[in-house]
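Here are some notes to read alongside the model, written for someone opening it for the first time. Keep the viewer at hand and take the points in order.

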Amino acid sequence: MPQPQAPLIPEQRREQLFSLLGLHTVLSVRQLTEMLGVSHMTVRRDIVALEREGRAYSVPGGARIASEVRAEPSYVDKSIVDRAEKAAMAASAAEMIRDDMTVYLDAGTTLQQVVPLLDRFRGLTVLTNDFIALAALVGTDINLFHLGGRVDHRNRSSVGRLAAATLRGVSIDLSLISCSSWDLARGTTTPAEDKVIVKQAAMAVASTSVLVAGSSKFGTFSLHRVAWLEDFTRVITDAGLTAAAADGIRDRGIDLVVASGDGSAER
């Protein structure tokens, strides 16, 4: 008679769960319990463990693997989502600014929320490739520079080698960098190749580089890598990031700040 199969050890079971997600992309907890022959509680514990490793991501009622972003949404589309989360991240990012600093503001609707917070500082120099931020800062006392370069009409910013060349000729105290996709395995990525050279140049000339990235973009990836998470001095995200994902990021020795809408921030 065939011998009954021995139960899998947790590591084997998690590898099987990860393989199932690789086949189906997303599965419910109920589906996983049936496929693996274990309890709901066991599946949930395994999802947390995989999420902490950056290999899977929890969704309501189940789990998924990282999804690919093939094209960025337009400025208009981005401007109407996650407004409270963006404001919380911007407030946390602004806490790193001091009088007389030279600051780079990367393009994006999250970092545009930093602009109204700059009037409390004196002697600032701000460089940006974002036309919305530029328009808001024109006429202020800030020493203001726009990078120039090719215009990305959909995202209302400038990109490419000419914009990067401007950055290579300056020295920056703080670079605040945005991204369209990020995870533990691949770092920060973008589907737009012309954005990579600008972001990398801003990081290369900065004493401190900070990633400001929403939790809704975590667990996604694109074709072109900008930087590993470890390349940033700090990562700022919002309270939508799960505890398991936050633990996994901190396990890598990364300084993670989770900004909440009430003005508090967890490190």
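Predicted model: local features only at pLDDT ≥ 70, side-chain atom pairs only at ≥ 80, totals over all residues.

1. Start with the open sheet, which has eight strands in the order 7-6-5-10-13-16-17-18 and mixed pairing. Strand 7 (143-146) and strand 18 (265-266) sit at the edges with a single partner strand each, so one side of each has no neighbour in the sheet. As background, strands of a sheet pair through backbone hydrogen bonds, in either the parallel or the antiparallel sense.

2. Now pick out strand 13, residues 206-212. How many of its residues are buried? Five of the seven are, so strand 13 is largely enclosed by the rest of the structure. On one pairing, strand 10 (residues 172-177) runs parallel to strand 13 and is joined to it by five bridges. If you want a spot to check, Ser-175 has Ser-209 in strand 13 as its bridge partner.

3. Strand 13 also pairs with strand 16 (residues 234-238), again in the parallel sense, over three bridges. Here Val-212 stands opposite Ile-236 of strand 16.

4. Further along, where does the antiparallel sense turn up? Strand 17 (residues 256-259) pairs that way with strand 18, over two bridges. Ala-259 has its bridge partner in strand 18, namely Ala-265. Packed on the sheet is helix 5 (residues 83-94), which touches strands 10, 13, 16, 17 and 18. The direction of helix 5 makes about 150 degrees with that of strand 16.

5. With twelve residues, it reaches 16 Å from its first C-alpha to its last, close to the 16 Å expected at 1.5 Å a residue. Which of its residues are buried? They are Lys-86, Ala-88, Met-89, Ala-90, Ser-92, Ala-93 and Ala-94. The buried residues pack against helix 4 (75-79) as well as strand 10, strand 13, strand 16, strand 17 and strand 18. When you turn the helix in the viewer, recall that an α-helix has 3.6 residues a turn, so residues three or four places apart point the same way.

6. Next, a lysine in helix 8 (residues 193-204): Lys-195. Is Lys-195 buried or exposed? Its relative accessibility is 11%, and the cut-off for buried is under 20%, so Lys-195 counts as buried. Its side chain makes a polar contact with the side chain of Glu-72, at 2.8 Å. Leaving aside residues up to four places away in sequence, Lys-195 touches Glu-72, Asp-152, Asn-155, Val-159 and Thr-190.

7. On to the aromatic rings, where the count comes to two pairs. In one of them, the ring centres of Tyr-57 and Phe-218 are 5.5 Å apart and the planes are at 85 degrees, so this pair is edge-to-face. Tyr-57 belongs to strand 2 (residues 57-59) and Phe-218 to the loop between strand 13 and strand 14 (220-221), so the pair ties together parts that are 161 residues apart in sequence. Tyr-57 counts as buried at 3% relative accessibility, and Phe-218 does too at 5%.

8. Phe-218 pairs with Trp-182 as well: the ring centres lie 4.6 Å apart with planes at 65 degrees, so the pair is edge-to-face. This pair links distant parts of the chain, with Trp-182 in strand 11 (residues 181-183) and Phe-218 in the loop between strand 13 and strand 14, 36 residues apart. Trp-182 is buried, like Phe-218. Together, Tyr-57, Trp-182 and Phe-218 form one aromatic cluster.

9. Finally, two backbone angles to check. Most residues other than glycine have a negative phi. Asp-100, which is not a glycine, has a positive phi near 70 degrees. Asp-100 is in the loop between helix 5 and strand 5 (102-105), and it counts as exposed at 59% relative accessibility. Arg-156, also not a glycine, has a positive phi of about 55 degrees. Look for Arg-156 in the loop between strand 8 (150-152) and strand 9 (157-159); with a relative accessible area of 34%, Arg-156 is partly exposed.

Definitions and conventions:
Residues numbered from 1 in each chain as written. Heavy atoms only, no water. Buried < 20%, exposed > 50% of the residue type's maximum accessible area, 1.4 Å probe, protein only. Helix = DSSP H or I, 4+ residues; strand = E, 2+ residues; numbered from the N terminus. Pairing = 2+ DSSP bridges. Contact = heavy atoms within 4.5 Å. Axes fitted to C-alpha atoms, helices over the stretch in contact; angles between N-to-C directions. Polar contact = N/O pair within 3.5 Å; in protein donor to acceptor, adjacent residues only side chain to side chain. Expected span 1.5 Å × (residues − 1). Phe/Tyr/Trp six-rings, centres within 6.5 Å; stacked < 30°, edge-to-face > 60°.
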